Amino acid sequence: MKENNAAYNFDFTPIGLEIKKARESRKITREKLVEKLDISTRHLQAIEIEGRYPSLGLLVRLLTMFDIPIDQYIFPEKKGLKSVERKRLELLLDKLDEKELSIIEATATGLFKARKRTEE
């Protein structure tokens with residue numbers, strides 16, 4: 001497996017760091033997450049910080065759990081205009097009902113208007 005990874009020259013570190021960032025932003029400790037995933041603390045640390053490749057099943061669970069889009073990491077040559085944060089927000093928005101979306105829209109409109117006033 002390591003030979004194949006080396007030949008492909010794929011660096012998992014940015015994805016691991018994104019997983020760590022998402023976990024911390026949700027205030028989930030490493031200990032709670034490893035208990036939920038039934039893996040060792042050391043294994044999660046290696047994924048988050050050292051760029052260790054997780055199993056496909058574990059990767060899918062982590063990406064799904066934290067709403068992390070992975071396409072920009074796998075296809076860097078096809079970088080779109082959307083950041084990871086925008087893609088993550090889109091995934092979260094898809095889970096909201098119409099009333100919740102109207103609150104988000106009003107908040108975004110308010111932020112935009114406030115920014116516009118400070119720029120003038």
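Tyrosine 53 counts as partly exposed, because its relative accessibility is 28%. The structure is a predicted model. This briefing considers the ring pair to which tyrosine 53 belongs, and then the packing of helix H3 against helix H5.

**The aromatic pair**

- The count of aromatic pairs comes to 1.
- This pair is formed by phenylalanine 12 and tyrosine 53, whose ring centres lie 5.9 Å apart.
- The planes of the two rings stand at 40°, so the pair is classed as tilted.
- The pair connects distant parts of the chain, as its two residues are 41 residues apart.
- Phenylalanine 12 lies in the loop between helix H1 (2–8) and helix H2 (13–25), while tyrosine 53 lies in the loop between helix H4 (41–50) and H5.
- Phenylalanine 12 has a relative accessibility of 3% and therefore counts as buried, whereas tyrosine 53, at 28%, counts as partly exposed.

**The packing of H3 and H5**

- Helix H3 spans residues 30–37 and helix H5 spans residues 56–65.
- The two helices pack at an angle of about 125°, and their axes are 12 Å apart.
- H3 and H5 are therefore oblique to each other.
- The crossing in which H3 passes H5 is right-handed.

**Residues at the helix contact**

- On the H3 side, the contact involves Leu33, Lys36 and Leu37.
- These residues meet Leu58, Arg61, Leu62 and Met65 of H5.
- The residues of this contact comprise 5 nonpolar and 2 charged ones, with no polar residue.

Technical notes
Residues are numbered from 1 along each chain as its sequence is written. This is a predicted model: local features need pLDDT of at least 70, side-chain atom pairs count only at pLDDT 80 or more; totals for chains, interfaces and linings use all residues. Side-chain values use heavy atoms; hydrogens and water are left out. Axes are lines fitted to C-alpha atoms, for helices over the stretch in contact, and angles run from 0 to 180 degrees between N-to-C directions. Helices (H or I, at least four residues) and strands (E, at least two) are DSSP runs, numbered from the N terminus. Angles under 35 degrees count as roughly parallel, over 145 as roughly antiparallel, 65 to 115 as roughly perpendicular and the rest as oblique. A crossing is left-handed if the near helix is turned anticlockwise from the far one by less than a right angle, and right-handed if clockwise. Contact means heavy atoms within 4.5 Å. Ala, Val, Leu, Ile, Met, Phe, Trp, Tyr, Cys and Pro count as nonpolar, Asp, Glu, Lys and Arg as charged, and the others, Gly among them, as polar. Rings of Phe, Tyr and Trp (its six-membered ring) pair if their centres lie within 6.5 Å; planes under 30 degrees apart count as stacked, over 60 as edge-to-face and the rest as tilted. Buried means under 20% relative accessible area, exposed over 50%, partly exposed in between (1.4 Å probe, protein chains only).
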